[in-house]
Amino acid sequence: MNTRTLLAAAALAATAAGAQAQSATYAIDPTHTFATFEISHFGASTNRGRFDKKTGTVQLDKAGKSGKVEITLETGSINSGTAAFDKHLTSKDFFNSAEFPTAKFVGDKFVFNGDKVAEVSGQLTLLGKTNPVTLKATNFACYDSPMLKREVCGGDFEATVVRSQYGMTWGLNYGFSDAVKVVIQVEAVKQ
Amino acid sequence: MARALPPSAALLAALAAAGAAAQPVDYALDPTHSFVHFEVLHFDTATIRGRFGPLEGQVTLDRAARRGRVQVVVDTAAVSTGLPVLDARLRRDDLLASTAHPQAFFVAERFEFAPDGGVAAVTGEFTLRGTGRALRLQAQRFRCYTHPLLRREVCGGDFDGELLRSDFGLSFGLPFVADVVRLRVQVEAVRRDAADARP
């Protein structure tokens with residue numbers, strides 16, 4: 001290996017290390033992070049529900065265009081505005097929250113459009129089963145929060161979850177949709 | 001093949017059908033499937049969502065005459081974002097002012113119908129914080145079906161609309177929290193039968 005090659009390799013390694021050093025950790029802001037599902041009711045209107053309790057972290061390397069996100073939702077914190085519906089949703093027919101109190105998304109494949117996150121792919125674990133899910137961004141930005149005096153990055157994401165893949169099959173025989181749309185608001189504060 | 005009706009009978013049947021169809025039909029909002037969700041952008045970054053409801057209200061539809069009327073009451077103190085602190089902030093005087101204005105209203109009599117007879121849009125007056133403004137809600141979907149448990153006709157859909165919160169005096173947090181508020185209204189209404197008392 002000649003000197004030139006060595007120098008090039010060293011420069012590459014330095015660049016990689018530099019990029020790595022720009023990877024920052026962001027903590028999920030639970031006051032601006034929600035997942036809301038949308039599912040058709042008899043083809044007429046859309047039922048919505050959100051998960052009120054969640055935790056998570058995001059690693060974001062804007063220079064290296066990579067990242068990792070982990071978000072855990074408490075399935076028992078589902079809130080539709082109708083107590084009877086919430087009770088049904090947390091029962092064994094749907095989320096079975098007594099046995100499976102959390103659902104977890106781990107996303108490690110980030111697609112960027114310029115300096116903005118455009119897509120995050122990963123694995124969703126729900127009811128003890130794990131399947132791939134892709135979140136597509138409809139908004140993404142980073143800003144300096146005047147209240148927190150820190151950088152905040154966040155956006156809006158949409159995903160489609162096929163509930164039968166997780167064994168959540170209640171109502172499929174009555175014509176209730178298998179594909180459930182999930183809309184996600186997320187903001188995370190630089191640590 | 002069935003024998004054709006004599007012309008007079010066919011005419012009578014057609015008249016009867018037209019007469020029946022032209023009757024206005026009353027519906028009451030189903031509180032378990034009637035909510036207003038709002039969406040407003042936070043720092044041009046991510047969307048804050050919240051919910052009002054269950055909604056109370058009545059709908060009268062005359063699909064043959066292509067007319068209708070809807071009136072909905074929204075309890076402003078019942079706002080739910082998933083964050084009790086934010087809900088309390090929203091109820092204060094520079095936002096919903098829920099103490100002085102506990103209710104918001106939507107009354108609409110301009111109905112647009114799709115070619116299939118479904119409701120395509122409704123335009124009326126939305127009163128929030130004591131200020132009334134025109135509001136058009138456009139149907140994203142609309143359908144009438146026979147509810148298998150209630151054994152009654154239910155009509156419902158999703159309706160989207162947009163307003164500027166500053167038009168109603170909800171000024172706190174501008175411009176970091178956007179002025180444009182997108183409304184996503186879920187509504188289903190159950191047909192009242194003759195035995196139900198009219199409101």
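Student: How many helices and strands are there in chain B, and what makes a stretch count as one?
Tutor: Chain B has 2 helices and 10 strands. Helices (H or I, at least four residues) and strands (E, at least two) are DSSP runs, numbered from the N terminus. The order along the sequence of chain B is α-β-β-β-β-β-α-β-β-β-β-β. Chain A holds 2 helices and 11 strands, in the order α-β-β-β-β-β-β-α-β-β-β-β-β.

Student: What conventions apply to this model?
Tutor: The model is predicted; local features need pLDDT of at least 70, side-chain atom pairs count only at pLDDT 80 or more, and totals for chains, interfaces and linings use all residues. Residues are numbered from 1 along each chain as its sequence is written, while chains are lettered from A and ligands numbered from 1 in the order in which they are written.

Student: Which pLDDT values do the chains have?
Tutor: pLDDT is the predictor's confidence in each residue, from 0 to 100. Chain A has a mean of 91, with 89% of its residues at 70 or more. Chain B averages 90, and 86% of its residues score at least 70. For the complex, the predictor gives an ipTM of 0.85 and a pTM of 0.86.

Student: Where does pLDDT stay under 50 in chain A, and where in chain B?
Tutor: In chain A, pLDDT stays under 50 over residues 10-20, for which the model has 4 contacts beyond four places in sequence. Two residues are in contact if their C-beta atoms, placed from the backbone, lie within 7 Å. In chain B, residues 1-7 stay under 50 and have 2 contacts beyond four places in sequence. Residues 11-19 of chain B are also below 50, with 2 contacts beyond near neighbours in sequence.

Student: Why does A:Phe100 count as partly exposed?
Tutor: A residue is buried if 20 or more other C-beta atoms lie within 10 Å of its own, exposed if 12 or fewer, and partly exposed in between; C-beta atoms are placed from the backbone. A:Phe100 has 17 C-beta neighbours inside 10 Å, so the label is partly exposed. A:Phe100 lies in the loop between α2 (83-90) and β7 (102-113) of chain A. Beyond four places in sequence, its contacts are A:Thr75, A:Phe95, A:Leu127 and A:Gly128.

Student: How much of each chain is buried?
Tutor: Buried residues are 35% of the 199 in chain B and 30% of the 191 in chain A.

Student: What makes a set of residues a nonpolar core, and which residues have the most contacts inside the largest one?
Tutor: A nonpolar core is a set of buried Ala, Val, Leu, Ile, Met, Phe, Trp, Tyr and Cys residues joined through C-beta atoms within 7 Å. The largest has 39 residues, and B:Val36, B:Leu55 and B:Ala189 have the most contacts inside it. Strand β10 (residues 180-191) of chain B gives the most to this core, 5 residues. Apart from this core lies another, of 33 residues, including A:Ile28 and A:Ile184.

Student: How many residues of chain A are in contact with chain B, and how do they divide by type?
Tutor: In chain A, 27 residues are in contact with 28 residues of chain B. The largest share of that side of chain A, 5 residues, comes from β3(A). The side divides into 7 nonpolar, 15 polar and 5 charged residues. Here Ala, Val, Leu, Ile, Met, Phe, Trp, Tyr, Cys and Pro count as nonpolar, Asp, Glu, Lys and Arg as charged, and the others, Gly among them, as polar.
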